[in-house]
Structure formats: C-alpha cells, structure tokens
Amino acid sequence: MDDQDVSANPRGSFRQFLEHLSGAGKAIGVLTSGGDAQGMNAAVRAVVRMGIYVGAKVYFIYEGYQGMVDGSSNIVEADWESVSSILQVGGTIIGSARCKAFRSREGRLQAARNLVQLGITNLCVIGGDGSLTGANIFRKEWSGLLEELAQNGQINKEEVEKYSYLNVVGMVGSIDNDFCGTDMTIGTDSALHRIIEVIDAIMTTAQSHQRTFVLEVMGRHCGYLALVSALACGADWVFLPESPPEEGWQENMCVKLSENRARKKRLNIIIVAEGAIDTQNKPITSEQIKELVVTQLGYDTRVTILGHVQRGGTPSAFDRILASRMGVEAVVALLQATPETPACVVSLSGNQAVRLPLVKCVQMTQDVQKAMDERRFKDAVQLRGRSFENNLNTYKRLAIKMPDTQIPKSNCNVGVINVGAPAAGMNAAVRAAVRVGIADGHKMFAVYDGFEGFAKGQIKEIGWGDVGGWTGQGGSILGTKRTLPGKYLTEIAGQMRTHSINALLIIGGFEAYLGLLELSAAREKHEEFCVPMVMVPATVSNNVPGSDFSIGADTALNTITDTCDRIKQSASGTKRRVFIIETMGGYCGYLANMGGLAAGADAAYIFEEPFDIRDLQANVEHLTEKMKTTIQRGLVLRNESCSENYTTDFIYQLYSEEGKGVFDCRKNVLGHMQQGGAPSPFDRNFGTKMSVRAMQWITTKLKESQGKGRRFVSDDSICVLGISKRNLVFRPVAELKKETDFEHRIPKEQWWLKLRPLMKILAKYKASFEVSDSEELEHVHHRGHEEPAAI
C-alpha cells in the first residue's frame, strides 16, 4: 500500500500473504467512540470489507463502549452489504456514546464476557485519545478479566485458554487533529471544508458592509483548525490555545486591523479557537474580542460561532481515502498481531501508512496539554509536531507585513509565472510567493498569461496588498497558457534583461516542467536564463515528475467525488442502473483511480494498467452478480485517455448490450468542471506551503551568489519542488528527465498505483495486495531533520 520499491521487497502476492495470515476463525469487533467525525463510516466500511475478504467474521459494536458493556443486540455480525452506501455519509452509522460504565472494572468485566461469548479477540477502535487509552487498559486487563469470569463460572476454562489475549488497533477519528504522531486524523479535512465554506460565504457579506467578523471554530485544546483555516483564508488575526498572544495584544491587533483597512481592505476576519487563552491561561472569548474592536475602533463587528456544523456534512475525498487506507491497514495489523504485540495506531505520515505505538502517542498528546497548563507554550507548539510549527511560522510571515524601513533590501527581482491549464490553488501559491519575497527584501514581478505573455512583456511589479484575498479564488488570476517557451526564447531573454529578473518561480503543470527543460537547454545561448529557477507543480492531473502531489488535484478529486455521490443517489432511485463516468487527467489515471476509491466505484479504467475485452467482460459479469443483491447500482470511472479504442462510448455500448435485461446504462463526461471551483482547504494550504518553501530556496540561492557575479549554470539551480513520500525535495530537472515518460506526459513510476488493489478489494474483486512495508512499529519522533511534508 505504500510507495516503496517492490522489487526490493518481494513480498509476493496478497494470496501468498494470506496463507500466513488468514482471518479464518478470527473475529474482529469494530466500534466508533468519543466525538464523531466525518470519514468514520469509510473506516468502518473498510474494516468490515477487508475483514470479510480475508475470511474473518466482523462484528459491529453499536454505541461505542456502551454497546460493548450492554452486549446482546448491540453486538451484531456485519456482512458485505451492511456497509454499502455509507461511504458518503458523515458521522458514524454504528453510533457513538460517552460511557461511564466502561471506566469501572465491573463494566469492563461485563464487556469482556460479551466479547468472549462471540469469540471476538480483535478490536478495531475508531476514536480520540480517550477512546484509545480505554482500549489499551482493556487489553492489559484482558487475561485477568477472563480469570475472574472463569472463577465466577460465567465462562469455562477452555474459553480462557482459547481467547487468552486481545489485540487492539486504533484509528484516530477526531476533527481537531489533536493526536500526536499522526499527520492528519480522520475528519480534520472535512471539518476544514465546512469552515472554509462558511468563511468564503461570510467574506462576501463582510465585503458589502465593511464589517469585521469574529469566527469561533472548534478546538478546545488544539488550535489546528483555527490555524489552518486562518492560513487558508488569509485571516487578519488568529487566537490559538498553544500559542497565546503576547502581552499587549489588544493594541497590536487593533493597529493591524486599522492598517489593513487603510490598505483599502473592506473587511477583517479574526479566527478564534474555542479554547483560546492568554499567557496567564485565562480564556479569550469571541465576545471579548468583539467588544474590544467595537470600543477601540468603532468597526461594525459580528460574531459567528460555527459549532457542530464542523462535525457534520459529507466527508471530503481526502478523509474517505485516508479512512479507507487506515481501515484496511488496521485489519492487516490485527491479523499480524501476536500476544507480545503492543496496541498500535494506524496513521498516515506523508502519503505512507504507518503503525505507531498507541501508548507513546497518547503520552505525547497528553504532554502537549501539560505544557499548556504549565504555560510552557513554546514546548507545546513543538510537541504538536513540525507541521503545526511550520504552519504557525508561515501564517505569521504571510499575515503581518513588516514596515518597509525594517526590511533589508536584497536588490533582486523575482518573477512569478503560471503555466499550463488552470488549477485551483494557483492563486494561493502566487500570494504566498509574493509576500514571502517582499518579506525577504526582493522586488516581486508578476508575469501575465504564461510564457506567451512573458515574451510580449506583460510583466508588472506586484505588491503585498495586490494579492490580498487571493487564497480562496479558483483558476489563475495571472492568467495561464499552455504555450512552451521554445519559440520565444530570444524575446523572453530580452524581457528578463529589461526587467533584470534574478530568479524565476514557475507554478504550473506538465507544460511548466517541459518549459523548464527548454529554458535549461537554452542557458548556453542566453545567459539571462542562468538564474535560479524553480517549479511548483500545479495541475489537476497530478502528473508532474518529482512530486507525489500537485496543487489542484485535491479540488478536482472533491468535484469528482461530489458528482459521483449525486449520480449514485440518482441511480439508487432507478434500480439496476450502471453509470460510466469519464474523468480528466490526460494519460495519468490519478483522478480516476482515487476518485474511484473515494466514491466507492466498481471499477476504474486507467492507462497505467492495460485492460482488454476480457477485463471488461469480467466487470460486466461482476456487476450482473451485484444486481442480484440489495445494492442495485454500479459506478464505473474511466480516465479520458486510458485506451484509444475502448472509448467511453464503446464501454457504454458494451455494458448496455451485455447488461440487457439485468441493468441499464448511462454515461457522463465530467469535463472542465474538474478544473474550476474554489480551491479546497488542502490545495490552499499546499499551494501556500510549497510556494513559501520555493521562495526560501530562491532567497538562499541569491544570497549565496551575492558579490560573486551572478551566473547559475549548475543543474541544481533549476529544480522542481515536490513532495516525495514524507519530505519536500528539490529535484534538478536534468535528473528528472530519466524518470519521465514524455510521450504520455506522466512519471514512469507513480506511488498511487499501489492503492489500485485497495479499490478492487473494497469493490469485492480478488486482488493481489501489498501490505504496509513496516510490520514493525515505527518510532514516534518529536522532531526530524527532513522537510515535513504534512499539510
């Protein structure tokens, strides 16, 4: 499931792996506990289906630990169809409750008896740190509880021996993202979607009336939601529990708000985490902030408390994929567990599934709270992890402009250009680049309309205030074209000379990559190109070599997922209907494959995995079988260039003919709606972070060269910045050439192909499947040296 070299790890196929690890005779109980979070259902679905797939029995435990204590009709065996159509539903279908009884030994004794009666010795717990701690205590006491039950004559000696140990695997479902050791908890991304939807809506009305809005978001002990939503909407000020404002913040904030108004900004947004405190650990409330703004500045100020809206609604594509991967990984971890295995948490690090020791993670999570209670706020921020700390520093750099007199001038000019097709999040990237560049003392120049505009001299200096409000805008405000620089090299070199451009940041897709290669090749002829150049990948297709993700792909994926949800709903009205949906992506199957995983598709046809008429036939037969069950609908995704001859029309006609009398067919081409729309929170932050990192690289390069005559000719001065596994890396384009399939405009190796079998298993196909590369637990690191890739 992870992106490591398969050849180096010849684990064999999933079936081989099953011989050692059959689930036959095993029973798994799955429960959701604590506060609900969007995506819990996707996790439940994955646990049930993967469990059944490997031959285990899977039981729903309704209403969390309460159901485990009450037993009887609260613990019910699940089948394949019990988890049909729940992928797109928020909350948890098996219910969640706070449970006092389980905190007492008597309660746990009762729970143990209920589990032993059904032979359940594997628990998959989806919840927050409280729920996971409870599970671990239960695991430790298990053999003692069974002894006691045997003494009371409630179970017999054979049962004590047969069910001698309990395995526990946790998944963290919490919208606050407050669990140490995991990059993202299930539900966080969806909660950000809710918050950003509200902020985007509020911004338009605030604009009309020149109002200040104070928005209160959830996060009693953790400021992640507040911080990331402030980054994603460019808020004027943010209050977090981990990083209280310095003494005298009241005045600083009012100065900042009035400065922004003086810069012709018609609105102010202030974001407050519900657990916000000052340095003395006294609460800072949204009402207090409103009073302050009204009395000090006299601005028309309103408070909006988002409350439980943040927990509701449908899960985002990211949360569905995250939860599905975690669910499958959890079942594998349970099957591999021995009596000696400590309880673990499955989690995502970068884009890799990892297993972490539960006790250690819970301990670290509690350490943060302890640091806050003891007013060691610097430690609290560091304990939250590098990603949180980076977010905080980035927010500060982008939100607060230093007075010009305090910024040392670098006397360098840096150009920013968008190339290729528009992708949501490009504008957030441009805004971040412009502001960081100005803060580093450079003059920033915007190049309009891609390389074509560059050649024509459509270049203007761009200031701090010019990019205000850009993060939430879709498309590309600078304008973008697919034209390559090849035919305009002399003109572009001339423009770079005229505007004395000392470095170039290119934000775009595969064309941007090809453009960089052309500029690199032209260095010998035009010395103007001997400057640092870096590309930040932005394309819905996610096909840029050197990066696992690109800006815009997450937004497109959400568009596809939303559309598929609606289509599935229409299909469940008309029984026995199969929809064939065509997605974008050129030859890259990322959108079709991940869209299929997030929408619960029956098949996804992609170029990277060749298929023939026999595969199509097998899929038709599979759907025919499916129509005999209670799930009478099908969903098939097809990447636009997956096959020259098996077109969407061909597949539609084949399915219609073969399915006659069993199901009917409809087709849908999603087209350019996948490039449009407001950027998702993920893309806004990803764009911001990548851009900030790219500008830091440019500044470092320019500093190194000062006074040494500025000519950059080495390969490492013309790079693609990308995410690889868990790290942000700069790769010289010269090096990436050999990893590129230029004919089909895709990287030769793509990490997400490892997730193909996952989609097939969850759609009830037999598939060979590689499991998480680490059967051992990883260590939880407080800090590392590499670039953190977590968003």
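**View 1. Four strands pair in parallel in an open sheet of order 18-19-17-20.** Helices and strands are DSSP runs (H or I, at least four residues, for helices; E, at least two, for strands), numbered from the N terminus. Two strands count as paired if DSSP finds at least two bridges between them. The edges are strand 18 (603-605) and strand 20 (664-669), each of which pairs on one side only. From one strand to the next the twist averages 20 degrees; axes are lines fitted to C-alpha atoms, for helices over the stretch in contact, and angles run from 0 to 180 degrees between N-to-C directions. The model is predicted: local features need pLDDT of at least 70, side-chain atom pairs count only at pLDDT 80 or more, and totals for chains, interfaces and linings use all residues. Residues are numbered from 1 along each chain as its sequence is written, and side-chain values use heavy atoms, with hydrogens and water left out.

**View 2. Strand 17 (residues 577-583) and strand 19 (residues 633-639) are joined in the parallel sense by 7 bridges.** Phe579 has Leu635 of strand 19 as its bridge partner. Helix 21 (residues 613-627) packs on this sheet and touches strand 17, strand 18 and strand 19, where contact means heavy atoms within 4.5 Å. The direction of helix 21 makes about 155 degrees with that of strand 19. Helix 22 (residues 648-658) also packs on the sheet, touching strand 17, strand 18, strand 19 and strand 20, and its direction makes about 165 degrees with that of strand 20.

**View 3. Helix 20 (residues 590-599) has 10 of its 10 residues buried, so it is largely enclosed by the rest of the structure.** Buried means under 20% relative accessible area, exposed over 50%, and partly exposed in between (1.4 Å probe, protein chains only). Among the buried residues of helix 20 are Tyr590, Leu591, Asn593 and Met594. The buried residues pack against helix 11 (317-336), helix 19 (553-573), strand 17, strand 18, strand 19 and helix 25 (756-762). Gly600 follows helix 20 and has a positive phi, near 70 degrees.

**View 4. Helix 7 (residues 188-209) packs with helix 8 (residues 224-233) at an angle of about 45 degrees, their axes 10 Å apart.** The two helices are therefore oblique to each other; angles under 35 degrees count as roughly parallel, over 145 as roughly antiparallel, 65 to 115 as roughly perpendicular and the rest as oblique. Residues of helix 7 in the contact include Leu192, Ile195 and Ile199, and those of helix 8 include Tyr224, Leu225 and Val228.

**View 5. Seven strands make an open sheet with mixed pairing, in the order 3-2-1-4-5-10-11.** Strand 3 (75-77) and strand 11 (352-357) stand at the edges with a single partner strand each, so one side of each is left without a neighbour in the sheet. The twist here averages 25 degrees from one strand to the next. Strand 2 (residues 57-61) and strand 3 run antiparallel and are joined by 3 bridges, with Ile61 opposite Ile75 in strand 3. Helix 4 (residues 105-118) packs on the sheet, touching strand 1 (27-32), strand 2, strand 3 and strand 4 (122-127).

**View 6. Ile718 lies in strand 21 (residues 718-724).** Ile718 is buried, with a relative accessible area of 2%. Not counting residues up to four places away in sequence, Ile718 touches Leu516, Ser520, Arg523, Met533, Trp697, Arg731, Pro732 and Val733.
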